[in-house]
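Student: Hi! Could you walk me through this one while I have it open in the viewer?

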Amino acid sequence: MATVATRPDEILPSAGARIESPLRRFISDFCESRLAVAGLVGFMSIALVAVVAPLLSPQNPYDLNQLDILDGRLPPGSEAAAGFTYWLGSDDQGRDMLSGIFYGLRISLGVGVASAAIALMLGAAMGLISAYFGGKVDTLIMRVVDIQLSFPAILVALILLAVLGQGTGKIIIALVAVQWAYYARTVRGTALVERRKEYIEAARCLALSNTRILFRHLLPNCMPPLIVVGTVQVAHAIALEATLSFLGIGLPITEPSLGLLIANGFEYLLSGKYWISFFPGVALLITIVSINLVGDQLRDVLNPRLQK
Amino acid sequence: MPESEPTLLVDDLRTWFFTKAGIVKAVDGVSFSVDAGKVLGLVGESGSGKTVTGFSILGLVDPPGRIAGGRIVFKGRELIGLDEDEMRKLRGSRIAMIFQDPMMTLNPVLRIETQMIEAVKAHARVSDDDARRRAIDALGQVGIPSPEERLKAYPHQFSGGMRQRVAIAIAYLNKPDLIVADEPTTALDVTIQGQILFEAQKLCRLTGTALIWITHDLSVVASLADQVCVMYAGKIVEQGGVDDVLDRPAHPYTHGLIGSVPSRNARGRPLSQIPGMTPSPLNLPSGCSFRERCPRADRDCLEPPAMAEIGPGRLVRCVHPLAGPTS
Amino acid sequence: MSVFIIRRLIQSALVLVVMSLLVFVGIYAIGNPVEIFIAGDADQAERERVIAALGLDRPMWEQYWLFVRNAALGDLGKSFIFNQPALWLIVERMPATLELAFSAMLIAVLLGIPLGMYAGYRPDSFAGRSIMAGSILGFSLPTFWVGLMLIMIFAVWLGWLPSTGRGELGSLFGIRTSLATWDGLAHVLMPAVNLALFKLSLVIRLARAGMRENLPMDYVKFARAKGLPTRRVIFVHVFKNILIPIVTVLGLETGSVIAFAVVTETIFAWPGMGKLIIDSINNLDRPVIVAYLLITVSMFVIINLVVDILYSILDPRVRLADVKG
């Protein structure tokens, strides 16, 4: 039932109002929040850094030939024997923190985005199938989703890693397993609503194949909430991977993500050498905050209940 | 007999909404008055500004809307500009409002009892028991059976008609001098509607409360009101005694409204409709807002028409009214 | 209402059985602890001795059957590492974890609801905006890093709080807890705040969203039209409505808090279940892993049940619909 009207656009129909394409309106709505724009800029910059890390870093921290252990544990701003500055200090092996962070961003972002993407495809597919075919298929899939979602992500990850062991592939599997259920549930919810709409009925009447209906017609209309969930999940995935690596059950040491860097610095914290843990944490923080800012605004803009 | 002052006098009320897209003049120069014990029908399509008029009287217009000018005089007291605390004391005790959809206006997670007792206690220092007794009385008066038990219930356990009776009961709890009812029967089916109208009229005569009944449905007004004001695009275009206006409409819009009401007498004949659509508030035609849909419009209508008196208490805002001055 | 409860109980029992099967199969079938306990150059006799001692030579289904039977009797095997009953190891450490989780939830609720409600009431004020910005920060900050920074600032630089460990135990309402002593409180403060951060942000955002959704609703306008003071409109009418989703989410998140305590316990050396499970995973101490998983699954199932019941109490529409239906 409609709320009592006191807003002008509810009082009088908008015949004659300016017509704007949905995309333009979306962009202008999104840009209303300066924080969200800042977030977007932040994330783009980080992604860029991650991609061109080798070009930006003063040192390749994983090339043992470039390391000098006598340069270890130097505070930020110190000079290195090789002539460049340790802008953010060095760790116990003499690795430049700045370079380590750049390379670490690559891995953290890579794993986070990859797992989110795979989980999205898997989850969306399951959600669509569940909503479209209904009946027993729906009940079964949703039962599994419900049960999985009733367990905290970290627990599910722990179980899987306990069973599978270590390794980059296994971490990604664990991250995907943790995330797919959110996508499935979101997509199913939207798809159930969309499925009843006329355009699907029409497509059915045209005897289009189920696959086609699912992916060419139903899926595009389920995108908005999927985008919101996806953005937030990427941030979660990155944070979860960092946490697992920090605990020592995440990525192996050959793939040093930011979590591992922070773990390395743990033991030096009590002696005041904060920079080994601090700066990678800041990098992680900026990444996650940027993504969340964008995701927040997306959610507000795409939420029909808060439409202005 | 000395002229008693009207319960409510609205004079050139203007309530505007200051939005990003422009200023929406939802209510733009509305004037009327209601006497004690009388019913005024405020009629218009959705978007005519009638609901906003109701909210303006209660001082419940939220930003970006604001009362931009005019006077609202309640029993000799100016309401516009009144301190919020003072206004709150009037709301619910001297001026009450009934909303359109009681499912949404009654809080679903609180019992009826809670919602009625608080309405009493907000305005008088009485004990819970006294307040409860008043609530039971009020429920009985609107025809709700076994009120003591019904008090303990939650809104969703009532039917639509019952809920609206509860809303009416709440409105009458503190014996207000004025009630503004905003489309209270629109969400109900016709038989219930009749009952509610009957209850409302009865209470009104009994208690001497002035009643403003906002609706888009002319047939409701016909059976209930003493006076009627027809609103279009934020202005009153015609007003007068209800029989007079409905039998001899002067404004083309009123005539169109009456003609488009399905009735038994006109069975078999095509339903007439007013051509076109209600204009967007940001895009009103210059001059008379109705001219683009009016069969009688001409160049004179490019000037905004003023309210003209065509008989005692009979006003119309049109330069080509249908009936001449009534005898 | 009791039909509802019985149905949920049966459902919960089923989940437990399925989970135990999954866990068992996963750990015992796929992991390979034999390699851990037997040195590479041990001879066959040594191998067989260890295998027999640990019961790893029996067929899979026999192992599962034994496992179920023992579990019903409360015996979940002995830890490979500690050589003590796994169940007892976990139960011994549970109070510490629960204490931490409880403190964290308390902080999240007591701070989160008022802050969130204010942010929803005055969204464009400086305070409102800061609260929202803060909540995004709290949501995004990786818990473990915040923990490190907290230790850095409050323990190392300022020296106000102890950096690790659990404080002295006292007695509160007949329960032995470290919350009953000042020393205990000093020790629990940082870890609880650390653990609470994420949930605090969640509660703030939920409360704010609830306010934003409910304030424009008709029942609020109607309440105002009745002349009710603003305080009553917000703290009675709106409050009860926004509480419903908050309770639901919080209830479900309680389990998450207990699980996530793993991280906080590791950093602050808090003697709870979390540190135990991490080590057990690294060492493939299967009985302990299995025991931990079973216990936590049971806990979640119970928590979910309690939340469902609470929800039906708070929202009369749910409760009464069940009675009718």
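Tutor: Happy to. One term before we start: two strands pair if DSSP finds at least two bridges between them. Also, keep in mind that this is a predicted model.

Student: Got it. What is the strand order of the open sheet in chain B?

Tutor: The order is 6-7-8-3-9-10-12-11 in chain B, which makes an open sheet of eight strands with mixed pairing.

Student: And which strands are at the edges?

Tutor: Strand 6 (95–98) and strand 11 of chain B, each of which pairs on one side only. On average, neighbouring strands of this sheet are turned by 20° against each other, direction ignored.

Student: Take strand 6 of chain B. In what sense does it pair with strand 7, parallel or antiparallel?

Tutor: Parallel, over four bridges, with strand 7 of chain B covering residues 178–182. B:Ile95 has B:Leu178 in strand 7 of chain B as its bridge partner.

Student: Which strands does helix 1 of chain B lie across?

Tutor: Helix 1 (residues 50–58) of chain B lies across strand 3 (39–43), strand 6, strand 7, strand 8 (210–215) and strand 9 (227–232) of chain B. Helix 1 of chain B runs at about 150° to strand 8 of chain B.

Student: Switching to chain A: how does the span of helix 11 agree with what it should be?

Tutor: Helix 11 (residues 223–247) of chain A has 25 residues, so at 1.5 Å a residue it should span 36 Å, and its end C-alpha atoms are 35 Å apart, which agrees. Just after helix 11 of chain A, A:Gly248 takes a positive phi of about 95°.

Student: Why call helix 11 of chain A largely enclosed?

Tutor: Because 20 of its 25 residues are buried. A:Gln233 sits in helix 11 of chain A. A:Gln233 has 5% relative accessibility, so it counts as buried, the cut-off being under 20%. Beyond its neighbours within four places in sequence, A:Gln233 is in contact with A:Gln179, A:Tyr182 and A:Tyr183.

Student: Last one: where in chain A does pLDDT stay under 50?

Tutor: Over residues 1–6 of chain A, for which the model has 19 contacts beyond four places in sequence. Residues 8–17 of chain A are below 50 too, with 29 contacts beyond near neighbours in sequence. Where pLDDT is low, the predicted coordinates should not be read in detail. For chain A, the mean pLDDT is 78, and 88% of its residues reach 70 or more.

How values were computed
Residues are numbered from 1 along each chain as its sequence is written. Chains are lettered from A and ligands numbered from 1 in the order in which they are written. This is a predicted model: local features need pLDDT of at least 70, side-chain atom pairs count only at pLDDT 80 or more; totals for chains, interfaces and linings use all residues. Side-chain values use heavy atoms; hydrogens and water are left out. pLDDT is the predictor's confidence in each residue, from 0 to 100. Contact means heavy atoms within 4.5 Å. Helices (H or I, at least four residues) and strands (E, at least two) are DSSP runs, numbered from the N terminus. The expected span of a helix is 1.5 Å times one less than its number of residues. Buried means under 20% relative accessible area, exposed over 50%, partly exposed in between (1.4 Å probe, protein chains only). Axes are lines fitted to C-alpha atoms, for helices over the stretch in contact, and angles run from 0 to 180 degrees between N-to-C directions.
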